[in-house]
Amino acid sequence: MSGNFQRLVVIGNGIAGTGVIENVLAQNKPFKITVFGAEPYVGYNRILLSDILSGSKELRNTLIKDGEWYFENKIRLLLDNKITAIDPVLKTVRDADGNVTPFDKLVIATGSNPTVPDLPGVDKRGIFTFRNMMDADEIITFSKGRHTAAVIGGGLLGIEAGISLANRGLHVTIFHHGDRLMGQQLDDEAGLILKKELERKGIGVNLGHSAVEIIGNGSVEGIAFSNGKAYQADLVVMSTGITPNVDLAKRAGLLVARGIIVNDFMETDHPDVYAIGECAEHRGKTYGIIAPIRDQAKAAARAITGLNDFKYEGTVPATTLKVAGIDLVSIGEFLGNSPGSESLVYSDRGTSKYKKVVLQGNRVVGAILMGGSADHHWLQQLVKNKTDVTLFRDSLLFGETQDKGSRVAVLNDDDVVCGCMGVTKKTVVGAIQEHGLTSREEIGEKTKACTSCKSCGPLLDQMLQEVLGGDYVPVGEKPKSFCACFTCTKKELVAQIRTYNLKAVSEVLAKLGNGRGCTYCKPALSYLLSEIWAGNQREERGAKFINDRVHANIQKDGTFSVVPRIYGGITSPNELRKIADVADKFRVPMVKITGGQRIDLLGVSKEKLPLIWAELGMPSGHAYAKATRTVKTCVGSTFCRFGVQDSVSFGIEMEKLFEGLHTPHKLKMAVSGCPRNCAESYVKDIGIVAIQSGWEIYVGGAAGMSVRKGDLLATCKTNDETMRIATLFLQYYREQGNYLERTYDFVLRVGIEKIKRELLDSESEKTAVLLEHFKLAKLAVTDPWKSEVEKPFHATQFMELAVTNG
């Protein structure tokens, strides 16, 4: 230890070494950090080497951290400086110039070396490995003026090298000793599809070819194979595997097998000496992929800083990349050849789409996705969590149990969303919020995510949607105008209505629209004006649907239905007698119990509507309107032996509070007295479910043509808190929802995570404004049936036999 600081030395300046340093810095512990890099470059992402080779990226686009980061964090960076010896007893390292550097903690992150087969002629000019920046530079230089390139090895790096060289205009052939490409990630069928795609791009693929000799006089001219065939080539890339770089560790006397043996804290058999990344061997496994590095770095850093509170317990192998233009994901035990395993498979060679899910005892243990990888985070979570998929295994291949907009929600903050760069969900969400990012490209600039294979792009789009909600505009799209009759968005229209103090639909159309309007925008504007001016707008009946003009739901024969409000579905003998007497007196053709626990009088002619309303003396149930409907309840703790809360009283209170408010679309509600959900709260626009400790609030549910369980918005301990948050959601939907947009579409569009951030901060000024707007809207509410009975809009309005929506 030097003074109050511990000396941390890191050998290796790649993703692994840098990951440890980042985690150490995050602990704010006193360390003096020295980093040794064997190459003359600031740390770069090796995954992007193929982009360097193809010419699509420059070195500066691949840097993990720039020089300024090292300077700001007071890190001593020694480039082009190879460590040649470690003394774990004296705790020193020695570089190639003989300089000795002491350490208190040491991290070995030396990665791996390319495996080069011992072939006759392998030392000729024009033979290259493809593992680092120098390799890429040398291949680029040598390729100028060459025409024919051969790649020996059909693994991931070999294929990427072949594609990159083809992009430089060379005629490329890949030679692979096995019977399928990418044998570590693909099965036979997926390998065939990939082979076809490579050949379609003009890249030759020869399987079952083992090289035995490099032919040429000084420089490579061709390759001979064990099957007796020979092929011409004036440039050869060897990509035949990697070997953990353990030479330093061996010479230092550390315990080494294939890799440097480490425990769950990434510590070697010598105290204070750690190894991570491709050079490390944990529980008998070495990893040649980036995915484990993040957790390994976290475990090592927390041990180095004395916390020892995070163990690395292994990684489900998962590869996410884009090969030959195809999105490809390989997860876990993808072959499906273990005893008792089952494979669910979809294959379409014509469109190069392939999906395979491997099950073991009704649990997903592996998968391959080609040509469409949107489900891969979900499947990876199923593997990681060992989820029993019995109830939805028939939907696994097509992800039908997952709402498109909720895929982000299955990820934890610490889950990696960009496997190439090791970027987590938390990092991306934080960057979007902090910097106001609105595109994949901007996320890439701040976090490096989606700067390599770009297969995480669709997931980043979903994260943008989740965070930005309705403010997010997908790539290539323009913000939508309010309607074809307007050139401005809804947000811009609201601002202009306020600026010009426009109070009527005709005024808005004349000033801001095309002067005429349409069947969509007229009622939409009518709703918008009522929301903006809270009852102080000027009503124009011609801008409303027939239902809203006569406060009843028109039927196919031109008659109407009358649905009086029955709060919480709780009625009385007196109310029932009133309804029965009215039905008899006016000869109502049908009396129907509705799904919302109400009574519907069907087949009422238009001229009888005000007479029936007056006779009933009950408020409107708003069954005809784009408005808050009823609150369905179960009997809850009042009578049910399973009930844990009083759902009836809460439902009645909720219905009375929300009664009469118009909304972008109809809004159905329910309150269930226990998680048995007898009132079907999970599939309502706003559903309240009682639990032992209080209430759960679900929003955006649906039970119509599509069925969707609502998203959990909040869990509350008290009735008041539950009502407050439900009110906030209602008003938020009233203000932010598009006309004719149901809550289930609204929640998916805006994103439940954004809704939570907007509504659950009790100190937020925004929530106070929403509640004030709600109060103003409630003050403007009148019962339409009572108003029309006492003071009709005009004397003959109920004498017309309107049978259209005009």
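Which handedness does the crossing of α20 and α22 have? Read on for the answer, after a look at the model as a whole.

## Confidence in the model

This is a predicted model. For the protein chain the pLDDT averages 90, and 94% of the residues reach at least 70. Residues 400–405 are a place for some caution, with a pLDDT below 50. Beyond near neighbours in sequence, that stretch has twelve contacts in the model.

Another such stretch covers residues 800–806, where pLDDT stays under 50. Here the model shows 17 contacts beyond four places in sequence.

## A sheet of three strands

Let us turn to a sheet. Three strands, in the order β4-β5-β6, make up an open sheet with antiparallel pairing. At its edges lie β4 (83–87) and β6 (100–102), each of which pairs on one side only. On average, neighbouring strands of this sheet are turned by 20° against each other, direction ignored.

Look next at β4 and strand β5 (residues 92–95): four bridges join them in the antiparallel sense. Within this part of the model, Ile86 stands opposite Val93 in β5.

## Two crossing helices

Now back to the opening question: α20 and α22 cross in a right-handed way. Helix α20 spans residues 719–736 and helix α22 spans residues 752–759. Their axes come within 11 Å and cross at roughly 115°.

Which residues meet here? From α20 come Leu728, Phe729 and Tyr732, and they meet Lys754, Ile755, Glu758 and Leu759 in α22. The residues of this contact divide into five nonpolar and two charged, with no polar ones.

Notes. Residues numbered from 1 in each chain as written. Predicted model: local features only at pLDDT ≥ 70, side-chain atom pairs only at ≥ 80, totals over all residues. Heavy atoms only, no water. pLDDT = per-residue confidence, 0-100. Contact = heavy atoms within 4.5 Å. Pairing = 2+ DSSP bridges. Axes fitted to C-alpha atoms, helices over the stretch in contact; angles between N-to-C directions. Left-handed = near helix turned anticlockwise from the far one by under 90°. Nonpolar A, V, L, I, M, F, W, Y, C, P; charged D, E, K, R; others polar.
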